[in-house]
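Thanks for asking me to look this over with you.

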Amino acid sequence: MGVISKDIKSKFANVKDKAFINILYTASWISSFQNEFFKPFGISRQQYNILRILNGTNDALKVQTLKKRMNERSPNATRLMDKFYAKDLIERFPCEDDNDRRVVYIKITEKGLELLEAISKDLHQDLPKNLTEEEAVQLSGLLDKIR
């Protein structure tokens, strides 16, 4: 009997069904962990993802490009960025080449970079701490295979 069986007190039709339910259960567990982790910083996991994406580029990004790069698509990404702008964590730039005023570029500010630095680097290290390097590679490969 696996841990998932104990956690949700359920039996499974087969091992593939158990694996699928385990993925969903674990994804929910990780989301809850992240929500609690980010509370003291005043941001959500989606907002953290936006800051990481912006930090990973030296250029300003179109809002649409940013939305596509998010690991969790958020229909309210614009609202999340409005909150960032109000906190001076991002800058907005209109597109100079387009006459379309809906095209907006976003860039992380120094204050946004400082927030990222203040957030523990251990966030993503603590979650898989029970996995060996080899197991982490195997897990990542299996998840890629599912998609």
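The notes that follow go through the core, the helices, a loop residue, the salt bridges and the surface.

1. A word on the kind of model first. This is a predicted model, so please read every value below as computed from predicted coordinates.

2. The largest nonpolar core has 23 residues, and within it Ile43, Ile50, Leu54 and Met81 touch the most other members. Two or more residues come from each of helix 3, helix 4, helix 5, strand 3 and helix 6 (110–118). Helix 3 gives the most to this core, with 5 residues.

3. Leaving aside residues up to four places away in sequence, Ile50 touches Leu66, Met70, Leu80, Met81 and Phe84.

4. Helix 6 can be read in a similar manner. Its buried residues are Gly112, Leu115 and Leu116. Their arc around the axis is only 100°, which puts them on the same side of helix 6. On the other side of helix 6, Glu110, Glu114 and Glu117 are exposed. Helix 3 and strand 3 are included in what covers the buried residues of helix 6.

5. The cut-off for exposed is over 50%. The C-alpha atoms of Glu110 and Leu89 are separated by 7.4 Å, although the two residues are 21 residues apart along the chain.

6. Now to a backbone detail. Which residue just after helix 5 takes a positive phi? It is Asp88, with a phi of about 60°, and Asp88 is not a glycine. Asp88 is found in the loop between helix 5 and strand 2. With a relative accessible area of 44%, Asp88 is partly exposed.

7. How many salt bridges does the structure hold? There are 3. In general, side chains of opposite charge can pair when their charged atoms come close. One of the salt bridges joins Arg92 and Asp82, whose closest N and O atoms are 2.8 Å apart. Arg92 lies in strand 2 and Asp82 in helix 5, so this pair ties together parts that are 10 residues apart in sequence. Arg92 counts as partly exposed at 35% relative accessibility, and Asp82 is likewise partly exposed at 35%.

8. Another salt bridge pairs the side chains of Lys39 and Glu36, at 3.0 Å from N to O. Here Lys39 counts as exposed, with 54% relative accessibility.

9. Asp144 and Arg147 also form a salt bridge, and their closest N and O atoms are 2.5 Å apart.

10. Last, the surface. Ile23, Leu131, Leu139, Leu143 and Ile146 form a nonpolar patch there, and together they have about 400 Å² of accessible area. Which helix gives the most to the nonpolar patch? Helix 8 (residues 133–146) does, with 3 residues. Leu143 is found in helix 8, and it counts as partly exposed at 33% relative accessibility.

How values were computed. Residues are numbered from 1 along each chain as its sequence is written. This is a predicted model: local features need pLDDT of at least 70, side-chain atom pairs count only at pLDDT 80 or more; totals for chains, interfaces and linings use all residues. Side-chain values use heavy atoms; hydrogens and water are left out. Helices (H or I, at least four residues) and strands (E, at least two) are DSSP runs, numbered from the N terminus. Patches are made of residues with over 30% relative accessible area and no salt bridge: like charges are joined within 9 Å, nonpolar side chains (Val, Leu, Ile, Met, Phe, Trp, Tyr) within 5 Å. Accessible areas come from the Shrake-Rupley method with a 1.4 Å probe; for residues, only the protein chains shown count as cover. A salt bridge is a side-chain nitrogen of Lys or Arg within 4 Å of a carboxyl oxygen of Asp or Glu. Buried means under 20% relative accessible area, exposed over 50%, partly exposed in between (1.4 Å probe, protein chains only). A nonpolar core is a set of buried Ala, Val, Leu, Ile, Met, Phe, Trp, Tyr and Cys residues joined through side-chain atoms within 4.5 Å. Contact means heavy atoms within 4.5 Å. The arc is that of the directions from the helix axis to the C-beta atoms.
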